[in-house]
Amino acid sequence: MKRTLQIALIALISLIQFQSVNAQLTPKELGTPIYNGQDNPKASKFVQINTINDSVTFTQQSEGYNVFTKGSLYTPVTWYATSDSGFVANGAYTVEAKVAVAKSMKNGFFIEMQGTPGKRVKIDIDTTAIYNMTYSPSTAKEVVVNNLDNRGMHTYRVAVDNSDMAHIYRDGVKVGSADADGLVSSSAYYKDIEVIQEDQFFEDFIDLATAPHVVNNATLSANLSGNWDITHSTWCKMGIDTTKANVKVGLTSFWFNNGTTGELKIKKTGLTAGKYKLSFWSKTKAAGEAYKGSITMLGTDPNRPAVKYKDGRPDSIPAYIGTDPHVVVLASQVLVPDNRNFNYREYAFDVIRDRDILITFHNGWSNSQKPGWANMWFDDLRIAKVESVPFIRFGKDSEAGVTDFTIGSLTYDMTGAYEPAPSGIAQNKSVLNSVYITTSNGVMNVNYTLSNTSKVNIQLVDLSGRVLVHQNAYANAGHNLTSISTSGLKGIYLLRVITAEAAETLKVEVK
């Protein structure tokens, strides 16, 4: 059945003027998928990172590649491609994926992309909704469309046009849009332009023939002189490890035990202003040993007196900060997740002027962490100066809860922003064939026609994205009427009519 939209305006007591917000893009089918749902996506152009393999089950199914994560904390399963792999987003582009999300707790399956100008957009698909997660912080979620059933296989498309607007489609129907706002993503990808520090702890600096398995901090500090300064570490034990199971790269790894509330502090001197990436392989020994951490740019004048005194009494002059204070450039977060296998981590940060930096790791400062004597291993810890590159990333982020999704296919087109071609629209489903509205005495009557019986969700949304009115109904095939209150409302709003298989958004003016 070919889907058509007919919008009629009927004026009764007061007039409502509206127009479709579905901006027209050129229709296009994207052709052969880059990934066809067979085998792990890393067999195609995509790189798999951050996966904690003992917490994930991978199964090949007839409809695609299934990923099931256990309910443990910090279980990411992500893949990415950059310009080196063909994702060269120099302007408008289009991304499309076929996905079934059988289970989702905090979040479901996400797709994140960034073009050459640094513009970025991210959507998350759970079992019943699509969310815009482009904004900062990364946990912020804005509903694009809900009251869906995403447990079966559906086709999702994001088309980013030259005005940096992302048009979002589900099964050939536009369900919303989002600004590609250019905010920095902690998961963005970068190209190394200068390696500042790279070593494989510690064969470049220590005589392995004579070095003991565990050495004291002073010995380590002496051997690392001019490379990593660890003299600022407190209340902890550290050393080198040559045990094969505890080494990821080269011949040795760096072992650290925090004692009671100890901190591992690594100072690197002489960084010039720019964007950097800290990367390493890490693992922990037992449950609850995740490590939090942060990066601070060290100022030359960090003094911060609380109060100035004059003649022995507090002065009225306000408290002040030194002329060049310390600046946190990577806020405290879990840098080393709880994991018994080595996994790769990387974190981007900005150094706004030529300065030294201090990297701090600690454990035991919250009820969710082991109170002390937590063990972790680092390998191939490095710092590089980087520049941002276009990227596409998809999967499940490092969050709590079970997620069960199946990827049927994924592809992208770098030649422009395209809406789905008519042939790609689902047939014989509960398609909205027409929508029109009338108003009377503070009541908006939403008239719509369906091809099949379906659950329907009617929403009235303000331009900031707040859902002001929503009403659920079970509608039959043919003509239907749902009434919602507009009492106390005046101005421009978005009216969304959503079924299990289609959606329509109208811009309406309530006078």
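**Close-up views of a predicted chain**

**View 1. Asp 171, a buried loop residue with positive phi.** Asp 171 has a relative accessible area of 8%, so it is buried (under 20% relative accessible area; exposed is over 50%, partly exposed in between; 1.4 Å probe, protein chains only). Its loop runs between β14 (165–170) and β15 (173–179); strands (E, at least two residues) and helices (H or I, at least four) are DSSP runs numbered from the N terminus. Asp 171 is not a glycine, yet its phi is positive, about 50 degrees. The model is predicted, so local features need pLDDT of at least 70 and side-chain atom pairs pLDDT 80 or more, while totals for chains, interfaces and linings use all residues. Residues are numbered from 1 along each chain as its sequence is written, and side-chain values use heavy atoms, without hydrogens and water.

**View 2. Asn 147, another non-glycine residue with positive phi.** Its phi is about 60 degrees. Asn 147 lies in the loop between β12 (142–145) and β13 (154–160). Its relative accessibility is 17%, so Asn 147 counts as buried.

**View 3. The salt bridge of Lys 28 and Asp 413.** A salt bridge puts a side-chain nitrogen of Lys or Arg within 4 Å of a carboxyl oxygen of Asp or Glu. Here the N to O distance is 2.8 Å. The pair links distant parts of the chain, 385 residues apart: Lys 28 is in the loop between β3 and β4, and Asp 413 is in strand β29 (residues 403–413). Lys 28 is partly exposed, at 27%. Asp 413 is buried, at 9%. The loop between β3 (26–27) and β4 (47–49) also holds Thr 32, which is exposed at 70% relative accessibility. The C-alpha atoms of Thr 32 and Tyr 412 are 9.8 Å apart.

**View 4. A salt-bridge network of Glu 112, Arg 120 and Arg 393.** The closest N and O atoms of Glu 112 and Arg 393 are 2.9 Å apart. Glu 112 lies in strand β9 (residues 109–114) and Arg 393 in strand β28 (residues 391–396), so the pair ties together parts 281 residues apart in sequence. Glu 112 is buried at 0% relative accessibility. Arg 393 is also buried, at 4%. The whole structure holds eight salt bridges.

**View 5. The largest nonpolar core, with 42 residues.** Such a core is a set of buried Ala, Val, Leu, Ile, Met, Phe, Trp, Tyr and Cys residues joined through side-chain atoms within 4.5 Å. Phe 46, Phe 109, Ile 130 and Ile 392 touch the most other members. Strand β8 (residues 93–103) gives the largest share, five residues. Contacts of Phe 109 (heavy atoms within 4.5 Å) beyond four places in sequence include Val 99, Ile 123, Phe 394 and Ile 407.

**View 6. Aromatic rings.** Rings of Phe, Tyr and Trp (its six-membered ring) pair if their centres lie within 6.5 Å; planes under 30 degrees apart are stacked, over 60 edge-to-face, the rest tilted. The search finds 14 aromatic pairs. Phe 87 and Tyr 93 have ring centres 5.6 Å apart and planes at 80 degrees, so this pair is edge-to-face. Both residues, Phe 87 and Tyr 93, are buried. Phe 46, Trp 79, Phe 109, Phe 394 and Phe 405 form one aromatic cluster.
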